[in-house]
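Subject: Structure for your files

Hello,

Here is the structure you will be working with. My notes on what was found in it follow below.

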Amino acid sequence: MTVGFVLRDLSNPLFAGIVKGTDAFLHDKGYSLILTNSDGDPDLDIGHIRLLRNRKVDGLVVSLQSEQQPGLRELLASLRIPVVLIDREVEGLELSAVHCDHQVGIRAAVDHLLELGHRDIAIIPGPLDVRASRERVLGYQKAFQSRGLESDERYIRFGPYSRNAGYDTATELLESPQRPSAIIAGPTHVLTGVLSACRDQTIAIGRDLSLVGCDEIEMMEFVEPGISVVKRDALLIGRLAAEVLLDQLTNNAPPRKEIVPTEYVPRASVAPPPAG
């Protein structure tokens, strides 16, 4: 009556809601949750999966740092318990997953920026080796394509989910001769790095640069200007992961995927590009 949760980064506010949704559903069904934190280290992901397997948990919910870590696929294939991935896919394995429809939210954000006159739009989606980042870029590209425009590959900047990566990438973009007029920044840590870079270069959000974040946290609505965001329902993600897992445990159901929508919420951080 125990489920393990391999969490890639406990410091990410999104995961508080996901874990809460998972734990609440499991608790109602008489299950306990064991939580591990990999702190962004893909080797720890593998170590925690092995640890929880050895603790004889009944199933696993897994949020991976990387989908391509050496030994990961073989380890997951060897498990004899149900596994539900959070917004990840591992090539060659048919595992249950709760995926977020990042394309819809990002496409709506880019559509809004294009309507306002932006063309030089950068995106810092996260690492290339995870589904969420790739889906964000697909939404970005489709928004341009739907208007008969070409996106500029120089503005697509994959990188780690970290404040330092967000800061370094934003600094490079803002100091380049082809400085973007808008940036879409991946999850919270990346956004924090972008905001720090803008502060250090005295760039006014909503005037000198339009900015969109991914994943809603409380500060985004109340900082000045409010940060536009592509949001998803963390509690729903967690609850669906628990539902799918228990369906496999109690009903011997086959692996399945659930899709959680994303929504673009415009705020004052997005405005027409500066003149000239």
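Asp215 sits in the loop between β8 (210-214) and α8; helices (H or I, at least four residues) and strands (E, at least two) are DSSP runs, numbered from the N terminus. The phi of Asp215 is near 85°, a positive value in a residue other than glycine. Pro225 lies in the loop between α8 (218-222) and β9, and a cis peptide bond with omega of about -5° joins Glu224 and Pro225. For background, most residues other than glycine have a negative phi, and most peptide bonds are trans.

This is a predicted model: local features need pLDDT of at least 70, side-chain atom pairs count only at pLDDT 80 or more, and totals for chains, interfaces and linings use all residues. Residues are numbered from 1 along each chain as its sequence is written, and side-chain values use heavy atoms, with hydrogens and water left out.

Strand β9 (residues 228-232) gives the largest share of its lining, three residues. By class, the lining has two nonpolar, two polar and four charged residues (Ala, Val, Leu, Ile, Met, Phe, Trp, Tyr, Cys and Pro count as nonpolar, Asp, Glu, Lys and Arg as charged, and the others, Gly among them, as polar).

The count is two cavities of 30 Å³ or more. The largest cavity contains about 70 Å³, and its lining includes Arg8, Leu14, Phe15, Arg136 and Arg232. Both α1 (13-28) and α5 (131-146) supply at least two residues of that lining, which has six nonpolar, one polar and five charged residues.

The largest pocket has a volume of about 170 Å³. Its lining divides into two nonpolar, three polar and six charged residues, among them Glu67, Arg73, Glu91 and Arg134. Helix α3 (residues 72-78) provides the largest share, three residues.

α1 and helix α9 (residues 234-251) pack at about 40° with axes 6 Å apart (axes are lines fitted to C-alpha atoms, for helices over the stretch in contact, and angles run from 0 to 180 degrees between N-to-C directions). That makes α1 oblique to α9 (under 35 degrees is roughly parallel, over 145 roughly antiparallel, 65 to 115 roughly perpendicular and the rest oblique). Residues in contact (heavy atoms within 4.5 Å) include Leu14, Ile18 and Phe25 of α1 and Leu235, Ile237 and Leu246 of α9. By class, this contact has ten nonpolar, four polar and three charged residues.

Helix α6 (residues 163-175) and helix α7 (residues 188-200) pack at about 45°, with their axes 7 Å apart. That makes α6 oblique to α7. Among the contact residues are Tyr167 and Leu174 of α6 and Val190 and Val194 of α7. This contact divides into seven nonpolar, six polar and two charged residues.

Regards

Definitions and conventions: On a 1 Å grid over the protein atoms alone, a cavity is a set of points where a 1.4 Å probe fits but cannot get out, and a pocket is an open set with protein on both sides within 12 Å along at least five of seven lines; lining residues have an atom within 4 Å of a point. Grid points are joined across faces, edges and corners, and a volume is the space filled by probe spheres set on the points.
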